[in-house]
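User: Can you walk me through this model? I have some questions about how the chain is put together.

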Amino acid sequence: MEIKNKKLFLGGVSAESLVKEFGSPLYVYEKETILKKAEELEKAITYPNKKMLYACKANTNASIMKILKEKGIGLDVVSVGELLLALKLGFKAEDILFTATMATDEELKKVIENKVLVNMDSLSEMERFGKLNKGGKCSVRINPEFGAGFHGHVVTGGPDSKFGIYHTDVEKIKKIAEKYDLNVVGVHMHVGSRYLNPDQFYKAMEILLNTAKQFDTLEFVDFGGGIGVVYSPDETMFELNAYGKKVNDIFSKFVKEYGKEVTLMFENGRWYVAESGFLLMTVNTLKETPKLKFAGVDSGMHHMARPALYGAYHEIINASNADGDKEKIVIAGNICESTDLFTRDMDGPVERELPKIKEGDILSLGCAGAYGYTMSSNYNIRERPAEVLVENGKASLIRKRETFDYLNENQII
Ligand SMILES: Cc1ncc(COP(=O)(O)O)c(C=O)c1O
């Protein structure tokens, strides 16, 4: 991302020319940023026997998944839909881990049939899996008592969380394993998303490793995803190299005590893709109340739900006038919901100081590569945008814009 002569350029292509060619609104991803993030993480996690997975729920665009596949990264999938896409893209079954929540027997059968390892989210799932796959292998998702994350909605550890099997239930896990002759080859945790301070994560890691010691057939320990990226200028960068070193120290000690080699696994999603993505949208309406000035755009919470869901901050750049005189303004989406604002917190609108906006200007919402398109919907019967990958001044379409015919195809009229 770069600003030249007051204009925003992504992967060497101007935002204005991208919108001219592919339409508005538009998701744009910089390939170089994805590669850079993958390399940074690979370098920081120094434990030699490691395997990196990408939690593709963050962004399931096939072209993006293929970029990470080419870097030797496997996949964490949470549904049969993600699994089938992964297999279609050529990910090998042994490079995929299935970590669903509330999985049905039908879903489990599909995963077993495709020879992909299932990570148990509950004792119920393990019992049902045992009946379907006697003598098989599995791993178990442990709830290690501690959670971490940027918002209560994304914390996935602790007694309030619906995820995993509580770490005090090891004897119950072992009983089911014995009953169905299951080989528990992995223990796993994922304690929350976008933690910038890993203190809670380290506590959870210790609990998971104490749990791991109670199984003698382990081939891997998976510490989940959740490494944070910075969205707002008030936040402090995640200290990746210090984290990698601490993880290495703790895990090396564990392996020594465990007495045999175990693979260290991570499954980050946001880390790989968040910063690569931008949602470009066009301003069509300026309007005011006695209190606030609004710029209304041709996109909204149906394309990027994070501000409406969590009051999340995303950087906004006026791509047509990136460093003009500033004014305070609220950026509003086109969905018929009061919550549909791109500049808001949990309590409501928050004015943003931005270079003067005119109708027709293109705005860019940054850090949109993770949990953007994947969380989008057709609310208000509106189409999802197209997606484009940019690299070295070249842009390629990686997903077509939806059409109304496509949206209404399955309606019985
Ligand atoms: C099981 C599992 N693993 C990994 C992740 C990836 O999290 P993040 O995108 O924060 O790295 C998630 C997302 O919440 C998840 O549910």
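The chat below goes through overall build, domains, core and ligand shell.

User: What kind of model is it?
Analyst: It is a predicted model.

User: OK. How many helices and strands in the protein chain?
Analyst: The protein chain has 12 helices and 23 strands.

User: And what does the C-alpha trace span along its principal axes?
Analyst: About 65 × 55 × 40 Å. The radius of gyration is 23 Å, which agrees with the value near 22 Å that a compact globule of 413 residues would have.

User: How much of the chain counts as buried?
Analyst: Of its 413 residues, 46% count as buried. As for contacts between residues at least 6 apart in sequence, 70% of them join residues at least 24 apart.

User: Into which domains is the chain divided?
Analyst: Domain 1 covers 2–24 + 274–401, and domain 2 covers 31–268. Their centres, taken over C-alpha atoms, are separated by 32 Å.

User: How many residues are in contact between the two domains?
Analyst: On the domain 1 side 20 residues, which are in contact with 16 residues of domain 2. Helix H11 (306–310), strand S22 (386–391) and strand S23 (394–399) each supply at least two residues of that domain 1 side. S22 gives the most, with 3 residues.

User: How do the residues on that side of domain 1 divide by type?
Analyst: They divide into 11 nonpolar, 5 polar and 4 charged residues.

User: Switching to the largest nonpolar core. Which residues touch the most other members?
Analyst: Leu18, Val28, Phe98, Val221, Leu280 and Ile331 do, in a core of 119 residues. Helix H8 (residues 199–212) gives the most to this core, with 6 residues. Domain 1 and domain 2 each contribute at least three residues to this core.

User: Take Leu18, then. What does it touch?
Analyst: Leaving out residues up to four places away in sequence, Leu18 touches Leu10, Val13, Leu26, Val28, Leu280, Val388 and Ala395.

User: Last topic, the ligand. Which residues are closest?
Analyst: Ala55, Ser193, Gly225, Gly269 and Arg270 are the closest of the 17 residues that surround the ligand. Strand S13 (263–268) and helix H10 (270–273) are the elements that give two or more residues to that shell.

User: And how does the shell divide by residue type?
Analyst: The shell around the ligand has 4 nonpolar, 8 polar and 5 charged residues.

Key. Residues are numbered from 1 along each chain as its sequence is written. This is a predicted model: local features need pLDDT of at least 70, side-chain atom pairs count only at pLDDT 80 or more; totals for chains, interfaces and linings use all residues. A nonpolar core is a set of buried Ala, Val, Leu, Ile, Met, Phe, Trp, Tyr and Cys residues joined through C-beta atoms within 7 Å. A residue is buried if 20 or more other C-beta atoms lie within 10 Å of its own, exposed if 12 or fewer, and partly exposed in between; C-beta atoms are placed from the backbone. Helices (H or I, at least four residues) and strands (E, at least two) are DSSP runs, numbered from the N terminus. Domain bounds come from an automatic or database domain assignment. Two residues are in contact if their C-beta atoms, placed from the backbone, lie within 7 Å. A residue is near a molecule or strand if its C-beta atom, placed from the backbone, lies within 6 Å of it. Ala, Val, Leu, Ile, Met, Phe, Trp, Tyr, Cys and Pro count as nonpolar, Asp, Glu, Lys and Arg as charged, and the others, Gly among them, as polar. The radius of gyration is taken over C-alpha atoms; the globule rule is 2.2 Å times the number of residues to the power 0.38.
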